[in-house]
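Here is a short report on one protein chain.

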Amino acid sequence: MKNKIIIIEKKIRNPYFSIITVVKNDQKNIKNTIESIKAQKFRKFEYIVIDGNSKDKTIDQIFKLKNSVNLLITEKDKGLYDAMNKGVKHSKGRVIVFVNSGDLLTKNALQIIHKVFLKNKKIDFVFGTVRRKYTKGTLLKSGFNKKKLYYNFDFATSHSTGFFLKRKSFKKIGLFNLKYKCSADYDLYFRALIKNNFQGLSNNKSELIGIVQSGGFSSKFSFLEHLIEETKIRIDNKQNFFIILIIIINSLMKKFLKLMHLEKIFFPVFGK
């Protein structure tokens with residue numbers, strides 16, 4: 001299957017949502033993701049799967065549920081963000097959301113988000129409440145803080161699985177920038193909310209729309225790699241250098257204090 005493109009194509013007329021799943025070599029989890037999309041109560045959506053030329057049985061798993069997939073493309077790509085860009089380019093829906101392999105939508109997710117957009121026609125995006133799994137438990141993540149995006153690195157208390165952005169707004173700011181290897185989504189948020197002042201809302205915290213698995217792409221990179229790249233993003237987006245410097249110092253101090261806290265737990269002698 002080297003460099004071969006396999007396409008499943010079933011067009012849907014005027015979809016409201018475009019749901020995009022990016023996957024590579026994840027035969028264990030892809031089925032659960034697709035089934036969560038299949039179970040949606042709100043049906044006016046298209047489902048796009050972008051596979052990075054998987055070598056395991058991922059494609060076999062997708063074909064078992066092919067009736068739930070509107071478009072499948074499988075070919076070698078330049079990484080996660082390149083695959084996500086492909087999904088956006090092929091999308092036809094008014095609103096785009098990424099639900100990558102392993103992550104899930106609750107059955108009422110699209111119905112909940114659709115109501116928010118209907119009631120607030122001028123907004124560009126909605127951040128939905130998600131439950132994020134970690135190795136030592138789970139955490140409910142809801143909402144966003146625009147000021148925190150400007151002054152900090154961790155602004156979105158939700159997750160990309162909970163980020164619904166209008167396609168026309170996506171066109172305005174452009175696709176994910178492939179020069180960033182681990183934080184291109186952060187760059188997209190910065191361009192959307194800070195540079196272009198996009199307006200958005202969050203759904204009710206009690207209305208869960210997604211479940212995000214532990215691990216994930218960003219966890220493959222170190223704190224320092226994230227810090228360096230996100231600093232470049234701020235510079236490239238022409239943020240004030242003095243503010244950037246303060247943010248870097250603050251991030252390093254927070255990391256240091258966190259490490260010291262861990263040292264006191266595991267090495268109590270040194271904490272005295």
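How many helices and strands does the secondary structure of the protein chain come to? The answer is nine helices and 12 strands. Helices (H or I, at least four residues) and strands (E, at least two) are DSSP runs, numbered from the N terminus.

This is a predicted model, where local features need pLDDT of at least 70, side-chain atom pairs count only at pLDDT 80 or more, and totals for chains, interfaces and linings use all residues. Residues are numbered from 1 along each chain as its sequence is written, and side-chain values use heavy atoms, with hydrogens and water left out.

The pLDDT is the predictor's confidence in each residue, from 0 to 100. Its mean for the protein chain is 88, and 89% of the residues reach 70 or more. Over residues 263–272 the pLDDT is below 50. Where pLDDT is low, the predicted coordinates should not be read in detail.

Of the 272 residues, 48% count as buried (under 20% relative accessible area, 1.4 Å probe, protein chains only). A nonpolar core is a set of buried Ala, Val, Leu, Ile, Met, Phe, Trp, Tyr and Cys residues joined through side-chain atoms within 4.5 Å. Two such cores are listed here.

| Core | Size | Residues, among them |
|---|---|---|
| Largest nonpolar core | 33 residues | Phe-17, Ile-19, Ile-62, Phe-164 |
| Another core, apart from it | 30 residues | Ile-50, Tyr-81, Phe-170, Tyr-180 |

H4 gives the most, with six residues. Phe-17 touches residues including Phe-42, Leu-110, Ile-113 and Phe-164 (a contact means heavy atoms within 4.5 Å).

Conventions
Buried < 20%, exposed > 50% of the residue type's maximum accessible area, 1.4 Å probe, protein only. Lists of a residue's contacts leave out its neighbours within four places in sequence.
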